[in-house]
Amino acid sequence: MDYLMAFVVGGLICVIGQILMDSTKLTPAHVLVLFVTSGAILSGLGIYNKLISIGGAGATIPLPGFGHSLVQGTIQDIKQIGILGVFTGGLKATAAGISSAVLFGYIMALLFNPSRK
Amino acid sequence: MSIKKLGEQTLKYKKPPIINSYYSIVGPKEGKGPLGKYFDMVLDDDLIGQKSWEKAERKMMFDASINAIKKSKFKVTDIDFFIAGDLLNQIISSSFAAKDLQIPFLGIYGACSTFCQGLIFGSVLIDGGFANNVLVATSSHFCTAERQYRYPLELGNQRPPTSQWTVTGSGAVVLSNSGKGLKVTYSTLGKILDFGLKDPNDMGSAMAPAAAHTIIQHFKDTGFTPKDYDLIVTGDLGVIGKDIASEIISNQEYDISNVFSDCGTMIFTPSQDTHSGGSGCACSAVVSCGYIFREMEKGIFTRVLIVATGAMLSKASYLQGESIPCIANAVTIESK
């Protein structure tokens, strides 16, 4: 059941992305930023947690999940170290994600050439 | 007194320059399209064994140019001037090709209208008695255009449904004041038109008014009507832009529906999934140098109006929220 819900929630988030790509003039960059900020806002309002409890990885893996991590990390750090946590918390929580993106992206760029579709 | 100018925007050549020779090179995708068998060279690999897409593009332009010169039976030293342009910043494909050709060089920029722009300048040099032979060339490449205008291929982005596919290819023409061949008889220079459209993924719609305006002005300046042409073909309006241009032109009481076509819709089949069709400088160039000129020599068309269309935006102007100013330049080619 967990797997099914992960599939459904993750898929629905991506369908929203595809509709935005096909029916609006938003560029991929716009959609990316929209997803991260939506996740951050929903997280701050306490709503995104509920989506995670329903969809698990289907909610944490897509980009709104990244926005959620940013916000939750910030809140955590503010609780621990005070106001400076506004600056440190987000990146601490997402450090693994960002570092692996940079590292694996770099390795792939060394190993492969881009395809022309 | 401008004795060779007709009306507001059209030139009439006194001694029409002759298309002495032409050559077209295209990438694999274009080779698999409906006009595949018309092109002089279809590449297996659009990297052509080079280290970058940019190096591949300038090699295509150089090869098209050298082969056009060979076909003309002239030597490189017989060519007085080289006029060329492309889509890349500072037209590097053209200037690097010119470096290797060592012909006096005039770089031009008209975005996707460059092919006709080049034919116009070349024809003026010849009809004006300034040159005997002029080489005109243009090129574009899907991968270099994506990197520059949209996103590098490495990002793996999706292309929206209205976007067009930049044609990978190069077309080159040798224009002369002697010999036998098709003739460039009239040219209509376009004005920049901007109707406030901002979407760089839908340039066809942005360019349609400019194409329509140049065609209408051509008729007004010359007194010709659609009946005087076997084919009126725009560069790269694509499916969407072509419909818009048709409508604007028929509102001005000219019915071109029987003879109207668009290089962007001719070069790919819908099944090749290019969304709105082909675009790029090479689109009008290779369709002309591959298909149109050949069919004219066979007698299928005797009088053609080629209207290459250009979207004159830059990455910066787009990011600054500007709309897309467009232009269309037209040349009349006759076989008799």
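**Figure 1. B:Gln90 lies in the loop between β5 and α3 of chain B.** Helices (H or I, at least four residues) and strands (E, at least two) are DSSP runs, numbered from the N terminus. The model is a predicted one, in which local features need pLDDT of at least 70, side-chain atom pairs count only at pLDDT 80 or more, and totals for chains, interfaces and linings use all residues. Residues are numbered from 1 along each chain as its sequence is written, while chains are lettered from A and ligands numbered from 1 in the order in which they are written. B:Gln90 is not a glycine, yet its phi is positive, near 60 degrees.

**Figure 2. Helix α3 of chain B, residues 92-101, has buried residues.** They are B:Ser93, B:Ser94, B:Ala97, B:Ala98 and B:Leu101. Seen down the axis of α3(B), these buried residues fall within an arc of 125 degrees, so they line one face of the helix. The arc is that of the directions from the helix axis to the C-beta atoms. An α-helix has 3.6 residues a turn, so residues three or four places apart point the same way. The buried residues of α3(B) pack against α2 (53-72), β5 (81-86), β6 (105-107) and β7 (133-140) of chain B; two residues are in contact if their C-beta atoms, placed from the backbone, lie within 7 Å.

**Figure 3. B:Gln102 follows α3(B).** This residue belongs to the loop between α3 and β6 of chain B. The phi of B:Gln102 is near 55 degrees, a positive value in a residue other than glycine. B:Gln102 counts as exposed, with 10 C-beta neighbours inside 10 Å.

**Figure 4. Helices α4 (residues 114-127) and α9 (residues 281-298) of chain B pack at an angle of about 65 degrees.** Their axes are 7 Å apart; axes are lines fitted to C-alpha atoms, for helices over the stretch in contact, and angles run from 0 to 180 degrees between N-to-C directions. From α4(B), the contact is made by B:Thr114, B:Phe115 and B:Cys116, and from α9(B) by B:Cys281, B:Ser284, B:Ala285 and B:Ser288. By class, this contact has four nonpolar, three polar and no charged residues. Ala, Val, Leu, Ile, Met, Phe, Trp, Tyr, Cys and Pro count as nonpolar, Asp, Glu, Lys and Arg as charged, and the others, Gly among them, as polar.

Methods: A residue is buried if 20 or more other C-beta atoms lie within 10 Å of its own, exposed if 12 or fewer, and partly exposed in between; C-beta atoms are placed from the backbone.
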